[in-house]
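Please keep the sequence and the model in view while reading.

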Amino acid sequence: MTAFTPLPIPAAALDELRAVDDSGRPLQPYTAREDGVPLECVGSPLRCCLRSIEPGERVALVSYAPLRRWATATGAAPGAYEEVGPVFIHAEECGGPQEAGRQPFARPGALRTIRRYNAEGHIVGGRLFEIPEDAEPGFERAFEEAFADPEVALVHVRALEYGCFQYEVRRP
């Protein structure tokens with residue numbers, strides 16, 4: 001168990017994204033298939049429940065601005081730092097993560113960025129992180145390093161390959 005909790009997309013945000021995503025597009029759900037039709041997604045991360053997509057699940061690829069609702073709730077003003085990018089979610093409510101506290105999508109050797117944000121939602125640093133064989137302690141050290149800076153309010157973990165938002169970790 002880690003002191004740094006990985007957070008999925010909040011339920012209220014998921015409700016909004018299932019109607020209209022953060023780029024203004026209506027939800028376009030489909031069934032995940034092994035053959036990749038209509039979109040290659042089996043094994044991809046679901047940001048609603050922090051696990052991988054399995055064949056036969058109803059999913060959707062939506063545009064998501066991970067800082068947007070946090071900024072509204074905290075009074076932050078991320079400005080140009082408010083990025084919008086693609087994420088997979090279940091097309092219907094799924095109940096969220098089943099393994100609370102564990103770092104999701106922790107495939108050894110995968111490359112991540114640990115991006116740090118201050119209370120205004122501005123990027124204040126980050127680092128490249130290669131997931132080690134013993135992933136949990138590796139993430140723990142990376143988050144300890146990030147939150148050692150008192151200016152850091154939250155961290156986004158992103159996939160290096162595509163830059164996609166994976167999940168958020170807030171200051172404990």
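Two residues are said to be in contact when heavy atoms of theirs lie within 4.5 Å. The model shown here is predicted. Neighbours within four places in sequence being set aside, isoleucine 53 is in contact with Ala32, Cys41, Val42, Gly43, Ser44, Leu46, Val59 and Phe88.

In soluble globular proteins, nonpolar side chains tend to be buried together. The largest nonpolar core in this model has 19 residues, and Ile9, Cys41, Leu46, Ile53, Val59, Val87 and Ile89 are the ones that touch the most other members. Strand β5 provides the largest share, with four residues.

Five strands form an open sheet in the order β1-β10-β9-β7-β8, and their pairing is antiparallel. At its edges stand β1 (6-7) and β8 (123-130), each of which pairs on one side only. Strand β9 and strand β10 (residues 165-170) run antiparallel and are joined by five bridges. Within this pair, leucine 154 stands opposite arginine 170 in β10. Helix α3 (residues 135-147) packs on the sheet, where it touches β7 (111-117), β8, β9 and β10. The direction of helix α3 makes about 135° with that of β9.

Strand β9 (residues 154-159) contains arginine 158. Is this arginine 158 buried or exposed? Its relative accessible area is 6%, and because buried means under 20%, arginine 158 counts as buried. A polar atom of the arginine 158 side chain lies 2.8 Å from the backbone oxygen of glycine 163. Residues up to four places away in sequence not being counted, arginine 158 touches Pro66, Glu83, Leu111, Arg112, Thr113, Arg115, Tyr117, Gly163, Cys164, Phe165 and Gln166.

Among these residues touched by arginine 158 are Glu83 and Arg115, and the side chains of glutamate 83 and arginine 115 themselves meet in a salt bridge (2.5 Å, N to O). Glutamate 83 belongs to the loop between α2 and β6, whereas arginine 115 belongs to strand β7, so the pair ties together parts that are 32 residues apart in sequence. Glutamate 83 is partly exposed, at 31% relative accessibility.

Side chains of opposite charge can pair when their charged atoms come close. The model has 15 salt bridges. One of them joins glutamate 16 to arginine 69, with the closest N and O atoms 2.7 Å apart. Because glutamate 16 lies in helix α1 and arginine 69 in helix α2 (residues 68-74), this pair ties together parts that are 53 residues apart in sequence. Both residues are partly exposed: glutamate 16 has a relative accessible area of 42%, and arginine 69 has 23% relative accessibility. The pair also belongs to one network, in which salt bridges that share partners join Glu16, Asp22, Arg68, Arg69 and Glu82.

A further salt bridge is formed by the side chains of arginine 51 and glutamate 57 (2.4 Å, N to O). Which of these categories, buried or partly exposed, applies to glutamate 57? Glutamate 57 counts as buried, at 13% relative accessibility, whereas arginine 51 is partly exposed, with a relative accessible area of 30%.

Terms used. Residues numbered from 1 in each chain as written. Predicted model: local features only at pLDDT ≥ 70, side-chain atom pairs only at ≥ 80, totals over all residues. Heavy atoms only, no water. Helix = DSSP H or I, 4+ residues; strand = E, 2+ residues; numbered from the N terminus. Buried < 20%, exposed > 50% of the residue type's maximum accessible area, 1.4 Å probe, protein only. Polar contact = N/O pair within 3.5 Å; in protein donor to acceptor, adjacent residues only side chain to side chain. Pairing = 2+ DSSP bridges. Axes fitted to C-alpha atoms, helices over the stretch in contact; angles between N-to-C directions. Core = buried A, V, L, I, M, F, W, Y, C linked by side-chain atoms within 4.5 Å. Salt bridge = Lys/Arg side-chain N within 4 Å of Asp/Glu carboxyl O.
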